[in-house]
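Biologist: Let's go through this one together. I'll ask, you answer.

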Amino acid sequence: MIVSRAIPAGLVLALLALLVLAPMAGLLHLSALPGYEPADLRIWESAYLRRVLYFSIWQALLSTLLSVLPAILVARAFAMQPDLPLRRLLLGLFALPLVVPGVVVVMAVVSVYGSDGWLPLGRSLYGINGILLAHVFFNLPLAVRLLLPLWKMIPQHHWQLGEQLGMNAWQRFRFIEWPMLRETLPGVLLLVFMLCLTSFAVVLTLGGGPRSTTIEVAIYQSLRFDFDPARAVMLALLQLGLCMLVAMLTLKFQRMPEVEIATSAPYRSRRTTLSYVVNLVLIMAATLYVGLPLLSLLIDALQGPVIKMATSAQLWQAFANTLFIGISAALLSVVAGWFLLQYSASLARQGRATGARLVDLAGSIVYVIPPLVIATGMFVLLSPHVDVFDWVYPIVIAINALMGLPFVVRCLGPSIRQSHARYHRLCLSLDLQGWNRFRFIDWPLLRRPLGLAIALVAVLAMGDLGVIALFGSTQTATLPLMIYQQLGAYLISQATVTALLLLLLCLAVFALLERGIGGKADVVN
Amino acid sequence: MYSVLPRLAAGLASFLFCFSLQAATPNLVVYTYDSFASDWGPGPKVKAAFEATCNCTLELVGLSDGVAMLNRLKLEGDNSRADILLGIDTNLTAEARSSGLFDAHGLSLQSSALPTPWQDDLFLPYDFGYFAFVYNKEKLASPPTSLRQLVDDSGGPTLLIQDPRTSTPGLGLMLWMKKVYGDKADQAWAQLSPRIVTVSKGWSEAYGLFLKGEADMVLSYTTSPAYHIIAEQDLRFAAARFEEGHYQQIEVAGMVRSSQQKELAHQFLAFMISEDFQKIIPTTNWMYPVVGGQAVVPTEFDQLINPAPALLLDETSVAEQRKRWVEEWLEVMSR
């Protein structure tokens, strides 16, 4: 069994390595050619780089902690209130911030916290405050979505036992919920850290100036006016190394829980008024925090030329492009992630935990190679042989699928591992393999996380700007690229209408995929 | 799930097939920036006007900006599909020239509106503008009247500017300061720095923040108020005229050496400096046309400030020293 899982997973890993390493090699090769900047190793000694490195780590760490720690409380509040009215809608709302292009988030954040905003912060918005506000807006809801399914995986008899022992809320958290969190939290922390580390437009615009330069900005700089590919690659490797380091640290903290055969169900007992009120306040606070910038966007957009734009052929072409890229990237990403995770789960089952973690890590860590580096490198490799214009969609889809992998690993990983631990022996004894195993064991168990993974990657790819901005032209524009183009041509009110359309599209796609694949009811295993 | 892959591949294949269908008439490919090629830019009108005379198809490929399209052309080398590159400015021409990817245009620009006669055998200008600080007249009653006043007045207006590492106007301001202050530019930046609310990645972020009321002035173009006057009938915005003069941006086009259709490309460049093309520029690209004078500029442009004298550093010194100047700027601004 393990060999048959190793082959597709090995293929995926090889493909990953190819997608990441080949473009970098292409860029390095370029720097050896005449007419290009040669590789200059002195960059490692520059005070500029040290400052950039320090600031990147500092803002990413702070953003991560401020996003994920409150997210634990909010996710827990959602988990404890399964019958909350509008719960599904709120959770749908929580999937949106991730897809809003950075520049639109900046505008939305300014609408709320700017000097003419609803909650004005004045000049103090620009600097670390603004960066944190925007990053928490992006990542808190994401972390909530990623952590929430964990509570469903807690066996019901744990809750019953806790009750019999008269555990208080803290003890329940410590002894029942924490062991579950401890497996997934490191991965979520790493993911959010990577997202904040590679954040770009937000940091540069809300950061107040070049004091707030991150590695990502330095990479971008070296692929623009300077066009220094070797430097871009060195900086990309530095970013990769940094994330590996953080990954090692978080993984040290990770413990695989003992999985046992049991039924799990939402926690439904002993609801006191106090805990109900606390949960409600937490959910409302988080909803306000996420909702206000989105609301400001909605208000701006409805004042825009909605009717006039509804007849724009370019807009609907961009709409179709966005949808096509999003869905294709999501399917590709989930298929690749599926093979990786099946392999890592079978390694974990055999007690080869380190190997399992490394496979998961390989799937996640590629995220921090900036799409600009991959895209430029691919361009260098492909353009002598093919007309890159004809390959815009496959390239954009492939890179977006790659960027979606860490989300697939996070959404699906824990469930696949659990399914392996619980049912692998049963499958062996019943000789369930291949399609039948998928149909009867995996699908009912995994369709929910699968739905979440596909939905997340789809909206993420639909919101992509980094890759499409490099390869896309006016003809192949997606909605985010169009927003960016409109903002660059004084068409700010049109841009907000386009942004609203993007958000509505994402909301619809997310709901359809998550519900269509995930199913309506909770599966009780 | 397993049946998805073949379907996806089939979908992709059919998609690519549609794209590979070629047109029968000659196809002239112009790389330009996206705001030129988009619906609201000069693109559609330029395309219609040129195709009416050339018996060809004009394909405008909108890439993100001048830097991106030059980098792309360099990467593509002789394999490029581009016949024309339209949309780099004079801060990039030295680099474009040294790439050896361009051919002489063989045209001369008679009676141009540019302050100095145009002499460049590779690149031909199609429009130009001036950088300026734009403000809202209702909010800022007495704007500074010179760059020196803006820098010296520590209680002066707050500013939004762009980063010279990532943005053309940002680079323009850096060169403007250099032109006015010379070696003392870093001191001037240090004086200005406390009033800079933020330094954005590109023009759009800074301008968007300005319209949201985040600062008194934004670095943009002298022609920006014309957009608000003509397209929105909004008279609140104006550019502050500075005594020292305004830094100039001249946008140019060039013929790609590897082009297989030099004649058609040549025809396009000649069209580009004709009145038919030039009259499209003011109200779509919001810049000044290089020829045609009063006849092609809408009357609303009369309300704009007179930016004279035009300031411009020569392309060689920009190319040679830009990197050092940016580092200097970074040093001051990171304090």
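Biologist: How far apart do the C-alpha centres of domain 1 of chain B and domain 2 of chain B lie?

Modeller: Quick caveat: this is a predicted model, where local features need pLDDT of at least 70, side-chain atom pairs count only at pLDDT 80 or more, and totals for chains, interfaces and linings use all residues. Residues are numbered from 1 along each chain as its sequence is written, and chains are lettered from A and ligands numbered from 1 in the order in which they are written. Domain 1 of chain B is 24-128 + 249-303 and domain 2 is 129-248 + 305-333, with bounds from an automatic or database domain assignment. Their C-alpha centres are separated by 26 Å.

Biologist: Which element gives the most to the side of domain 1 of chain B that touches domain 2 of chain B?

Modeller: The contact (C-beta atoms, placed from the backbone, within 7 Å) takes 19 residues from domain 1 of chain B and 18 residues from domain 2 of chain B. Helix H5 (93-98) and strand E10 (246-256) of chain B each supply at least two residues of the domain 1 side; helices (H or I, at least four residues) and strands (E, at least two) are DSSP runs, numbered from the N terminus. With 3 residues, the top contributor is H5(B).

Biologist: Over in chain A, how do H5(A) and H7(A) run, roughly parallel or roughly antiparallel?

Modeller: Helix H5 (residues 128-152) and helix H7 (residues 169-197) of chain A pack at about 155°, axes 10 Å apart. Axes are lines fitted to C-alpha atoms over the stretch in contact, and angles run from 0 to 180 degrees between N-to-C directions. Angles under 35 degrees count as roughly parallel and over 145 as roughly antiparallel, so H5(A) is, relative to H7(A), roughly antiparallel.

Definitions and conventions
Two residues are in contact if their C-beta atoms, placed from the backbone, lie within 7 Å. Angles under 35 degrees count as roughly parallel, over 145 as roughly antiparallel, 65 to 115 as roughly perpendicular and the rest as oblique.
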